[in-house]
Amino acid sequence: MVYKYRNTTPDWLYHEPSLNPELLPAIQKELLKLFIQTKKDTLVPYTSTAVEISYKVLMHNTCTTLMQEFQRLGIYNNFFVITFISVESTREFPPHVDVGVDIALNIPLINCEDTYTVWYDGKIKDQSLPDYVIGTSIVEIARVVDPRTAVEIGRCDSNIPHWINVNILHRPETHHTQLRVAASIMFKPEPLDEYGNLWPHLIKQ
């Protein structure tokens with residue numbers, strides 16, 4: 001049985017979302033603007049880091065197209081935080097669980113070609129991510145895998161938006177030397193039914 005951090009964690013690994021593909025370039029442009037603006041505010045270096053943004057007014061004012069899509073999909077009131085995940089090839093993200101939520105909507109922003117989200121089975125350690133990953137303090141709650149036990153169980157293309165399971169061990173994987181950036185958007189309450197299934201209309205048909 002695959003390790004899941006808590007009993008609410010779904011069995012599935014990923015789904016393609018039902019975002020309007022014609023709006024994706026505008027959504028990415030808005031998210032990139034938010035990423036650059038908040039990087040200046042937090043002074044976090046451009047390396048392998050996770051930075052959580054919870055300034056709701058700023059997010060709503062900057063990401064207007066994304067907010068319109070959330071309204072169309074009925075998840076506008078559930079949206080609460082965006083995490084920007086940067087990956088530098090020389091500083092690896094270890095497999096980990098996010099702990100606080102079970103799922104996230106990941107959207108590629110910069111240099112996500114030939115990069116992947118990879119899931120693992122394994123044993124969890126009571127240890128946080130490396131210091132260089134922790135761009136904001138909330139990221140300290142994540143927990144990593146014992147590397148001796150990690151076995152890959154699946155992967156998806158990070159150059160395409162995906163709903164992903166963040167409480168089965170996972171990590172971003174890059175196959176180039178450029179800085180890769182993606183947005184990871186989280187929701188409370190999460191758009192899951194009592195069995196951990198994503199609301200059907202949120203999945204690309």
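Rings of Phe, Tyr and Trp (its six-membered ring) are taken to pair if their centres lie within 6.5 Å, with planes under 30 degrees apart counted as stacked, over 60 as edge-to-face and the rest as tilted. The structure is a predicted model, in which local features need pLDDT of at least 70 and side-chain atom pairs count only at pLDDT 80 or more, while totals for chains, interfaces and linings use all residues. Residues are numbered from 1 along each chain as its sequence is written, and side-chain values use heavy atoms, with hydrogens and water left out.

The protein chain has three helices and eleven strands; helices (H or I, at least four residues) and strands (E, at least two) are DSSP runs, numbered from the N terminus. From the N terminus on, the order of the elements is β-α-β-α-α-β-β-β-β-β-β-β-β-β. Of the 205 residues, 52% count as buried, where buried means under 20% relative accessible area, exposed over 50% and partly exposed in between (1.4 Å probe, protein chains only). Among contacts (heavy atoms within 4.5 Å) with a separation of 6 or more, residues 24 or more positions apart account for 85%.

A search of the whole structure finds six aromatic pairs. One of them joins F70 and F79, with 5.6 Å centre to centre and 45° between the planes, and is tilted. F79 also pairs with F187; the ring centres are 6.5 Å apart and the planes stand at 65°, so this pair is edge-to-face. The F79–F187 pair links distant parts of the chain, with F79 in strand 3 and F187 in strand 11, 108 residues apart. Both F79 and F187 are buried, the relative accessibility of F79 being 0%. F70 is likewise buried, with a relative accessible area of 0%. Together with W163, the residues F70, F79 and F187 form one aromatic cluster.

F70 belongs to helix 3 (residues 64-73), whose buried residues are T65, L66, M67, E69, F70 and L73. Just after helix 3, G74 takes a positive phi of about 75°. In strand 3 (residues 79-87), eight of the nine residues are buried, and the strand is mostly covered. Strand 3 pairs with strand 11 in the antiparallel sense over eight bridges, two strands being paired if DSSP finds at least two bridges between them. Within this pairing, I82 has I185 of strand 11 as its bridge partner.

Strand 5 is also mostly covered, with seven of its eight residues buried. N106 takes part on both sides: H162 stands opposite N106 in strand 9, and S184 is the bridge partner of N106 in strand 11.

The structure holds one cavity of 30 Å³ or more. On a 1 Å grid over the protein atoms alone, a cavity is a set of points where a 1.4 Å probe fits but cannot get out, and lining residues have an atom within 4 Å of a point. Grid points are joined across faces, edges and corners, and a volume is the space filled by probe spheres set on the points. About 60 Å³ of space lies in the largest cavity. The lining consists of N106, I107, P108, T117, C156, D157, S158, I160, H162, I164, R180 and A182. At least two lining residues each come from strand 5 (103-110), strand 8 (151-157), strand 9 (162-165) and strand 11 (180-187). Strand 5 gives the most, with three residues. By class, six lining residues are nonpolar, four polar and two charged; Ala, Val, Leu, Ile, Met, Phe, Trp, Tyr, Cys and Pro count as nonpolar, Asp, Glu, Lys and Arg as charged, and the others, Gly among them, as polar.

L24 lies in helix 1 and counts as buried at 19% relative accessibility. Not counting residues up to four places away in sequence, L24 touches I107 and P161. The C-alpha atoms of L24 and P108, 84 residues apart along the chain, are separated by 9.8 Å.

S18 lies in the loop between strand 1 (14-15) and helix 1 (24-42). Because its relative accessibility is 18%, S18 counts as buried. Leaving aside neighbours within four places in sequence, S18 is in contact with E69, R72, L73, H201, L202, I203 and K204.

Notes. 1 Å grid on protein atoms, 1.4 Å probe; cavity = no way out; pocket = protein on both sides within 12 Å on 5 of 7 lines; lining within 4 Å.
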